[in-house]
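My notes follow in the order I took them.

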Amino acid sequence: MRINRQKKANKYLNFYSNNFGFRKPFQVLIDGTFCYAALQNKVNIQDQLTNYLGVEIKLLTTKCVIMETEKLGKALFGTSLIIKQFSVHQCEHKKSISGSACFTSMIGENNPNRYIIATQDRELQDVVRDVPGTPVMYLHQKAPTLEEPSKLSLKVAQQKAIQR
């Protein structure tokens, strides 16, 4: 079963590499909900994602996400510790905003920095699916899962192939 999941992940990553210019090391933007799920399921994010994707990755977060988890208090203390381990990618926000709003602003309309978004937040996943060329990753129990490319991403890739 594990080999099939890795084959699918490699297939999806190749799709994004060929059609949208993703390069190694892949940049994975991680939010607080993903870290919380990892903590609940006792998942080592760095090890699991590296093994699952089979390539070098950079795990990133933003100041807004760190501030959001800190504001939620003692209930998410462990999540806050986990999220502070990752590299902090600079967002343009002077005041702290919600993590999902921060990620939405960072990917913009076409994901110019080629981020993979790792989140458990269903609303954020829906927003990200509407941006062509943006992969979505989530934890299914203890297993990281990379979603197949959205219909919009497939459509944009087809249009690019026709234009060539």
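I started with the side chain of Thr145. One of its polar atoms lies 3.4 Å from the backbone oxygen of Ala143. The model is predicted, so I treat that distance as computed.

Next I asked where Thr145 is found. I located it in strand β6, which covers residues 143–146.

Is Thr145 buried or exposed? Its relative accessibility is 18%. The cut-off for buried is under 20%, so Thr145 counts as buried.

Then I looked up what Thr145 is in contact with, leaving aside neighbours within four places in sequence. I noted Arg5, Tyr52, Val136, Met137, Tyr138 and His140.

**The sheet**

I moved on to the sheet that holds β6. Six strands form it, in the order β3-β2-β1-β4-β5-β6. I noted that the sheet is open and the pairing mixed. Strands β3 (87–89) and β6 are the edges, and each pairs on one side only. Neighbouring strands are turned by 35 degrees against each other on average, with direction ignored.

Strand β1 (residues 26–30) and strand β4 (residues 115–118) run parallel, joined by four bridges. Within this pair, I found Ile30 opposite Ala118 of β4.

**Helices on the sheet**

Which strands does helix α2 touch? I found that α2 (residues 32–40) packs on the sheet and touches β1, β4 and β5 (136–140). The direction of α2 makes about 25 degrees with that of β5.

Helix α6 (residues 99–107) packs on the sheet too. I listed β1, β2 (57–62), β3 and β4 as the strands it touches. Its direction makes about 160 degrees with that of β4.

**The whole chain**

I finished with the chain as a whole. It has eight helices and six strands. Along the sequence I read the pattern α-β-α-α-β-α-α-β-α-β-α-β-β-α. The radius of gyration is 16 Å, close to the 15 Å that the globule rule gives for 164 residues, so the chain is as compact as a globular protein of that length. I noted a C-alpha trace spanning about 55 × 40 × 25 Å along its principal axes.

How much of the chain is buried? Buried residues make up 45% of the 164. My last entry is the surface. The chain exposes about 9500 Å², and carbon and sulfur atoms supply 50% of it.

Notes: Residues numbered from 1 in each chain as written. Predicted model: local features only at pLDDT ≥ 70, side-chain atom pairs only at ≥ 80, totals over all residues. Heavy atoms only, no water. Helix = DSSP H or I, 4+ residues; strand = E, 2+ residues; numbered from the N terminus. Buried < 20%, exposed > 50% of the residue type's maximum accessible area, 1.4 Å probe, protein only. Polar contact = N/O pair within 3.5 Å; in protein donor to acceptor, adjacent residues only side chain to side chain. Contact = heavy atoms within 4.5 Å. Pairing = 2+ DSSP bridges. Axes fitted to C-alpha atoms, helices over the stretch in contact; angles between N-to-C directions. Rg over C-alpha atoms; globule rule 2.2 N^0.38 Å. Areas by Shrake-Rupley, 256 points an atom, 1.4 Å probe, with all protein chains shown as cover.
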